[in-house]
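The following report concerns the predicted model shown here.

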Amino acid sequence: MSDNPIRQKLEELKGLARHSRIDLSREIVELEKKLDASLTPENEAWRRVELARHPERPTTLDYAQAMFDDFVELHGDRTFSDDPALVGGIALLAGRPVTFVGHQKGKNMKDNLKRNFGMAHPEGYRKAVRLARQAEKFGRPVLTFIDTPGAFPGVAAEERGISQAIASTMKEFADLEVPVVVTVLGEGGSGGAIGIGVGDAILIMENAFYSVISPEGCASILLRDPSKARYSASLLKLTPECLLEFHVVDRIVREPAGGAHVDPAAAAASLKAAILAALEELDKKNPETLLAERHAKFLSLGVFSEQEPQRKSLLQRLRDYF
Amino acid sequence: MIEFGKQKGWIRYLTEHPVGRKRDERLFIDEKHSCPSCQRPIAAEEMEKTLYTCPHCTHHFRLTAWERIRSTADEGVFQEFAADMETMNPLGFPGYEEKLAAIRQKTGLKEAVVSGLCKVNGTDVVLAVMDFRFIGGSMGSVVGEKIMRAMLVGAEKRLPVIVFAASGGARMQEGILSLMQMAKTAVATQALEKRRCPYFVVLTDPTTAGVLASFAMLGDVILAEPGALMRFAGARVVAGTIREKVPDNFPLSAFHLDRGFLDAVVPRKDLKRILSFLIRTHPVAQGGRG
C-alpha cells in the first residue's frame with residue numbers, strides 16, 4: 001500500500017521479536033539501515049502525500065465524533081445554501097463549549113459526490129465566518145480542520161465569488177477575539193486550505209501536507225511533465241518538518257505507526273491532547289495580546305533580503321497600528 | 001509633502017523617481033503596433049494619447065508598473081519603498097534564480113510590485129502597482145511583504161492606499177511561503193480597518209488566483225478595467241481537477257460586476273478622475289485612533 005514496505009516489514013519483525021524468543025536484533029538493525037537509506041526526501045514527501053490522501057483516512061467529522069464529548073452540526077451560510085464540503089458546529093471538548101469548522105471529504109464515491117471531494121464552494125467559507133463570529137459572541141474558542149485538495153474551481157464557484165469568500169474569511173479570522181486553533185488533518189491544498197488557516201496555533205498531523213499547489217499541478221505547470229509529481233512533491237517542501245522550519249506550522253501531531261487510518265482512535269486522542277495543550281496556552285492571553293500575536297505571526301511569514309536592518313521588533317511595531 | 005520621520009519602522013529608506021509628462025523610453029516595452037483584439041494598426045503616438053487603449057475598439061493594453069504610475073500619479077516625485085528588496089529562493093527551487101536574473105534584466109524591475117508614496121490630484125497616497133511581466137505578476141515573499149508594508153505605511157501615516165493588481169497568482173517556486181502571503185496580506189488589511197484608512201483596489205488584466213483571493217478582493221472600493229480577466233482557478237487547474245472546460249478568457253470584469261463582486265468597471269481614461277473622487281470623498285482624520 002502507500003506506506004514504505006521496508007517500514008512495514010520492520011514493524012512486523014519488531015512485533016515478532018516481542019512475542020517470541022528468537023533473537024532478531026541483527027535483522028532489525030539491518031532493516032533500520034535499509035529504511036534510512038530509502039528515506040530520500042523524494043520518497044518521504046510522496047509517502048506523506050499518499051497517506052494524507054488515503055481513502056480510509058479519518059475526516060473532520062470522524063475526529064469530531066472521536067474527540068468531542070458531544071457535538072451538533074450547524075448548517076448554512078444564511079445567504080445562499082449549505083455546503084456539505086465544509087462542515088461546522090458546536091461541540092463540547094473536555095466539557096468546554098467550542099465551535100469547529102472543517103473541510104469534509106467523503107468515505108466512498110457516493111459520499112464523495114455529496115461532499116464534492118472536500119472542495120468547498122463560497123457558501124462553505126461564508127458559513128465558517130458565520131459560525132466563527134457566533135463563537136466570538138459567546139466566547140467560545142474556534143477549531144478549524146483543513147483537509148481539501150483545494151476550493152472548488154468550477155464556474156459555479158466563480159459566479160458566487162470564491163475569491164472574495166476566501167479573502168474575507170482570512171480577514172475575518174484575523175480579527176476574532178477568541179482563540180483559534182488550526183489543524184491540517186490531511187491535504188492542505190492551496191487557497192481552499194489557507195481560507196480557514198488563519199489562527200493562533202497551527203497544528204499539523206504527522207502524515208499531512210500543506211502546499212501552494214498539488215504536486216501534480218506543479219509537475220504539469222512548472223516542470224511541464226505530469227509524470228514528475230513525486231519529484232515535485234519533494235521540491236515543494238510540503239512535509240510537516242519543512243513547514244515547521246518555515247514557521248508555517250507550530251507543532252506536529254504524532255500519528256499511530258502506519259498512519260491515522262490504522263488506528264483512528266489513537267490519532268484522535270493524540271490530536272485532542274495537542275488541541276487542549278494549545279488552548280491552555282492561549283487561554284492565558286487577553287484578547288488584545290491574542291490578536292497582536294496572531295497578526296505578528298502572519299505578517300512575519302516570508303523570506304527575503306533587504307539591505308537595511310530592522311530596528312524595532314515586529315510585535316513592537318504592530319502594537320502601534322492595531 | 002508630509003515629513004517622513006524615521007521613528008516608525010515601516011519606511012526604512014526611500015528611492016526617488018521622477019514622474020514626468022514625457023514617457024521614459026527605457027521603461028516602455030509594451031509597444032505593439034496592431035491591436036490584438038481588432039487587429040487594426042495603431043500608431044505609437046496615438047497609443048500614448050489614449051493611455052494605451054486601442055483607439056478603434058478600446059481594447060486595454062497591459063501596462064508596465066512604471067507606465068501605470070505615470071498615468072496615475074501627479075507630475076513630480078514617486079518615492080519608492082524598499083527598492084532593493086529581493087527574494088532568496090527559500091525552497092532552493094531549481095532554475096528559479098536563473099529565471100529571476102533573466103526577468104530582472106528584461107524588465108529592469110527587482111520584483112513584481114513597485115510601491116511608494118506619491119500625490120494623486122494633490123493628495124498624498126500610498127500606491128502599489130503590480131507588473132504582470134515579472135513572472136506573471138506572481139506573489140512570493142517580496143510581493144507579499146511590499147503589499148503588507150504599503151498597507152502598514154498607510155495606517156501609520158494615515159493615508160489612502162491604492163493597489164493596482166495584475167497577477168497570475170501565487171509564486172509556485174516559493175511553495176508554501178507564497179501561499180502564506182495570501183493570509184499575510186489579508187491580515188494586513190485589518191490595520192487599515194482599525195485606523196479607518198481607505199483602501200482602493202483596481203483590478204487590471206489579468207488578476208487571478210492567490211492575489212484575487214486575498215488583498216485584491218478586500219478593498220473598501222474595488223474597481224476593474226474593462227475586459228480584465230479575473231478568476232480563481234486557471235483553465236489548466238480546472239481541466240485537471242474537475243474536467244470542466246472553461247474558455248481561456250473567462251470570466252472577465254463585466255461578469256463579476258454583474259454578479260455583484262465589483263463596485264465599478266472603469267475605462268482607463270476615467271480612472272484617475274474616479275480615484276481622485278474617491279480620495280476626496282474619503283478624507284482621513286489625522287491623529288485618530290491608534
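## Domains

In chain B, the domain assignment (automatic or from a database) gives domain 1, spanning 14-22 + 64-281, and domain 2, spanning 30-62. The C-alpha centres of domain 1 of chain B and domain 2 of chain B are 23 Å apart. Their contact takes 11 residues from domain 1 of chain B and 7 residues from domain 2 of chain B; two residues are in contact if their C-beta atoms, placed from the backbone, lie within 7 Å. The side of domain 1 of chain B that touches domain 2 of chain B has 4 nonpolar, 3 polar and 4 charged residues. In this classification, Ala, Val, Leu, Ile, Met, Phe, Trp, Tyr, Cys and Pro count as nonpolar, Asp, Glu, Lys and Arg as charged, and the others, Gly among them, as polar.

For chain A, the assignment gives domain 1 (5-39) and domain 2 (49-300). The centres of these domains of chain A, taken over C-alpha atoms, are separated by 35 Å.

This is a predicted model, in which local features need pLDDT of at least 70 and side-chain atom pairs count only at pLDDT 80 or more, while totals for chains, interfaces and linings use all residues. Residues are numbered from 1 along each chain as its sequence is written, and chains are lettered from A and ligands numbered from 1 in the order in which they are written.

## Contact between the chains

Between the chains, 58 residues of chain A are in contact with 63 residues of chain B. The elements that give two or more residues to the chain A side include helix 7 (155-159), helix 8 (162-173), helix 10 (215-221) and helix 14 (287-299) of chain A. Helices (H or I, at least four residues) and strands (E, at least two) are DSSP runs, numbered from the N terminus. Helix 8 of chain A provides the largest share of this side, 8 residues. By class, the side of chain A that touches chain B comprises 30 nonpolar, 17 polar and 11 charged residues.

Strand 9 of chain A also pairs with strand 3 (residues 86-87) of chain B, in the antiparallel sense and over 2 bridges; pairing requires that DSSP find at least two bridges between the strands. Within strand 3 of chain B, E86(B) is the bridge partner of S305(A).

## Helices of chain B

Two packed helices are described by the angle between their axes and the distance between the axes. Helix 4 (residues 141-157) and helix 5 (residues 175-194) of chain B pack at an angle of about 5°, with their axes 9 Å apart. Axes are lines fitted to C-alpha atoms, for helices over the stretch in contact, and angles run from 0 to 180 degrees between N-to-C directions. Helix 4 of chain B and helix 5 of chain B are therefore roughly parallel to each other, a term for angles under 35 degrees. The residues of this contact divide into 10 nonpolar, 6 polar and 1 charged.

## Backbone geometry

Most residues other than glycine have a negative phi, and most peptide bonds are trans. The bond from D205(B) to P206(B) is cis, with omega near -15°, and P206(B) is in strand 7 (residues 199-208) of chain B. F250(B) and P251(B) are likewise joined by a cis peptide bond, with omega about -10°; P251(B) is in the loop between helix 7 (235-242) and helix 8 (253-259) of chain B.

H247(A), a residue other than glycine, has a positive phi near 60°. H247(A) is found in the loop between helix 12 (240-245) and strand 8 (251-253) of chain A.

Conventions
Parallel < 35°, antiparallel > 145°, perpendicular 65-115°, else oblique.
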